[in-house]
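Hi,

Here is the structure I said I'd pass along. Have a look at it first, and then read on for what turned up.

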Amino acid sequence: MISYQSLINKIESFYNNHLQVKKVGSDFREQLENFATKDERYPLVYICPVDAIASEMGFTTEISLDIYCFDIIQKDRANINVILSDC
């Protein structure tokens, strides 16, 4: 079994090694805006815990996460398809 912290570390490591992603973080959904606007480096990836369910026998835990990816859309929206494709 992998702990929540180990899972987050593995996901963050993956994105930190991705040349296109400029910032990675994790916390509850309510902190997303604070994280995104702190230094405004985009594209960013943000990981939020949703749920954790232990099995009846207690040997496994199913962890659900939401992973958000954000980038800046140009005023004329010319880059919207590129952003959607990349994210």
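A quick word on terms before anything else: helices (H or I, at least four residues) and strands (E, at least two) here are DSSP runs, numbered from the N terminus. With that in hand, S26 belongs to strand 1, which covers residues 23-26. Keep in mind that this is a predicted model.

The overall picture: the protein chain has three helices and three strands, and reading along the sequence gives α-β-α-β-β-α. Its radius of gyration is 15 Å, well over the 12 Å that the globule rule gives for 87 residues, so the chain is more spread out than a compact globule. The C-alpha atoms fill a box of roughly 55 × 25 × 25 Å along the principal axes. Buried residues account for 22% of the 87.

Leaving out residues up to four places away in sequence, S26 touches I8, E12, Y46 and I47. S26 is also 8.9 Å from I67, C-alpha to C-alpha, although 41 residues separate the two in sequence.

One of those contacts, E12, deserves a look of its own. E12 is buried yet has no salt bridge, and the nearest side chain of opposite charge, R41, is 11 Å away.

So where are the salt bridges? The structure holds two. K23 pairs with D39, the closest N and O atoms being 2.7 Å apart. K23 lies in strand 1 and D39 in helix 2 (residues 32-39), so this pair ties together parts that are 16 residues apart in sequence. D39 also forms a salt bridge with R41, where the closest N and O atoms are 2.9 Å apart. That links K23, D39 and R41 in a network.

D39 counts as partly exposed at 38%, and R41 is partly exposed at 40%.

Cheers

Notes: Residues are numbered from 1 along each chain as its sequence is written. This is a predicted model: local features need pLDDT of at least 70, side-chain atom pairs count only at pLDDT 80 or more; totals for chains, interfaces and linings use all residues. Side-chain values use heavy atoms; hydrogens and water are left out. Buried means under 20% relative accessible area, exposed over 50%, partly exposed in between (1.4 Å probe, protein chains only). Lys and Arg count as positive and Asp and Glu as negative; His and the chain ends are not counted. A salt bridge is a side-chain nitrogen of Lys or Arg within 4 Å of a carboxyl oxygen of Asp or Glu. The radius of gyration is taken over C-alpha atoms; the globule rule is 2.2 Å times the number of residues to the power 0.38. Contact means heavy atoms within 4.5 Å.
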